[in-house]
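Reader: Please show me the model. I would like to go through its side-chain contacts.

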Amino acid sequence: MSSKILVTGGHGQLGTELTLMLKDKGFEAYSLGHRELDITDLEHVRSVFREIKPDVVCHTAAYTAVDKAETDRDGAFLVNAYGTRNVAIAAEEIGAKLVYVSTDYVFNGEKEGAYSEFDFPSPLGVYGQSKYAGEQFVRDFHSKFFIARTSWVYGQYGGNFVKTMLKLAETHDQLKVVNDQRGCPTYTKDLAEKIIELFQTDKYGVYHLSNSGSCTWYEFAKAIFEIKGLDVTVNPCTTEEFPRPAKRPKNSEFEHMALRLNGFEDIRKWKKALFNFIEKIK
């Protein structure tokens, strides 16, 4: 059992969940935020990795401000592309396995039906392009990697769609939510669990990790209020009615082909996970 795990972006939504779960499972976990680990500085990353000597690096640190990235291209690429290159190089040098958390935004959303790990990425915006550049650097500079693409992430730590909806419900009895973007909500607990299961194997490669099934944001919002037992009317609207600086993929539904073909259990249905999360935060 690989015992020492280093988590980059350790104070983020996924990083926090992952760190707590690792400790819970008896791993020696090092959770580093950007103050402890500046991923944009290769020599700094090298010295931290050499000192800790982890068996596995879970790279969750990222520039995630999707809309801001459109006007801050350099910032997004510095963190998501070169930051990831630095992590890959330093992890390879100490012989650590690498898990890189990527995104559904690497796809343009034009496909009918679900995306498998073998569909070709063509990101629409700067955020997706920078995360995909990170994937390329992982392939170029690391030999034992898992690229874990995920989507629509929510959980106990940090801001997310579920929390936003519940907050809005306190002051609104009607909400407009986009109904022409489809994807897979993902609960951080299920995501962290699967990442830990993956890195304990040598079944390297690209994986789509999300809860099973898909929905639109409108359907997601409706499910949140139903489960919570709130009387909020959700009205469907189009993406055009809510213009944002960054284009979103219309369809980023995932097929979990890599999990299936590598003999891993599928991840539970998104509604089950959502129910579980909402029960938990009561």
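Author: A charge sits over a ring if NZ of Lys or CZ of Arg is within 6 Å of the ring centre and within 35 degrees of the ring normal. This is a predicted model: local features need pLDDT of at least 70, side-chain atom pairs count only at pLDDT 80 or more, and totals for chains, interfaces and linings use all residues. Residues are numbered from 1 along each chain as its sequence is written, and side-chain values use heavy atoms, with hydrogens and water left out.

Reader: Over the face of which residue does Lys111 lie?
Author: Lys111 has a ring centre at 5.7 Å. The ring belongs to Tyr115.

Reader: How are the rings of Trp152 and Trp217 arranged as an aromatic pair?
Author: Rings of Phe, Tyr and Trp (its six-membered ring) pair if their centres lie within 6.5 Å; planes under 30 degrees apart count as stacked, over 60 as edge-to-face and the rest as tilted. Here the centres are 3.6 Å apart and the planes 15°. The pair is stacked.

Reader: How many residues apart in sequence are the parts that this pair ties together?
Author: Helices (H or I, at least four residues) and strands (E, at least two) are DSSP runs, numbered from the N terminus. Trp152 lies in the loop between strands S5 (145-150) and S6 (153-154), and Trp217 in helix H8 (residues 217-228). The separation is therefore 65 residues.

Reader: Is Tyr207 buried or exposed?
Author: Buried means under 20% relative accessible area, exposed over 50%, partly exposed in between (1.4 Å probe, protein chains only). Tyr207 has 1% relative accessibility, so the residue counts as buried.

Reader: Why is the pair of Tyr207 and Phe264 given its class?
Author: The ring centres are 5.9 Å apart. The planes stand at 80°, so the pair is edge-to-face.

Reader: Which residue forms a salt bridge with Glu17?
Author: A salt bridge is a side-chain nitrogen of Lys or Arg within 4 Å of a carboxyl oxygen of Asp or Glu. For Glu17, the closest N and O atoms are 3.0 Å apart. The partner is Lys189.

Reader: Which residues are linked with Arg46 in a network of salt bridges?
Author: Arg46 and Glu93 meet at 2.6 Å, N to O. The network also takes in Glu43.
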